[in-house]
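Visitor: I am new to this structure. Could you show it to me and take a few questions?

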Amino acid sequence: MSTDLDRTRPIWRQIAAIVQARIEDGTYPAGSRVPSVVELSTEFNVAASTAQKVLAHLKAEGLVRAEVGLGTFVEPPAGSS
């Protein structure tokens with residue numbers, strides 16, 4: 001799946017917004033794994049450092065958690081068990 005990005009705005013923010021929308025619409029449900037740095041880099045044709053910035057931002061926002069050696073997973077919505 002190819003997504004056109006607006007090259008006049010920060011690419012990492014646009015990708016983060018796309019991944020966040022996928023979390024919100026259930027494409028990536030709570031507890032599921034989100035794409036890795038390599039997968040994001042390939043899908044959006046960006047550098048690995050850009051993909052790392054996307055995942056770091058989503059983690060800082062509390063949307064995902066990283067598990068060493070396993071990947072990055074969607075956090076359940078706040079207030080749910």
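Visitor: Where does Ser32 lie?

Guide: This is a predicted model: local features need pLDDT of at least 70, side-chain atom pairs count only at pLDDT 80 or more, and totals for chains, interfaces and linings use all residues. Residues are numbered from 1 along each chain as its sequence is written, and side-chain values use heavy atoms, leaving out hydrogens and water. Helices (H or I, at least four residues) and strands (E, at least two) are DSSP runs, numbered from the N terminus. Ser32 sits in the loop between α1 (11–24) and α2 (37–44).

Visitor: Is Ser32 buried or exposed?

Guide: Buried means under 20% relative accessible area, exposed over 50%, partly exposed in between (1.4 Å probe, protein chains only). Ser32 has 19% relative accessibility, so Ser32 counts as buried.

Visitor: Which residues does Ser32 touch?

Guide: Contact means heavy atoms within 4.5 Å. Leaving aside residues up to four places away in sequence, Ser32 touches Thr72, Phe73 and Val74.

Visitor: In what sense do β1 and β2 pair?

Guide: Two strands pair if DSSP finds at least two bridges between them. Ala66 stands opposite Thr72 in β2. Over four bridges, β1 (residues 64–67) and β2 (residues 71–74) pair in the antiparallel sense.

Visitor: Which residue takes a positive phi in the hairpin of β1 and β2?

Guide: The hairpin has three residues between the strands. The one with a positive phi, near 80°, is Gly69.
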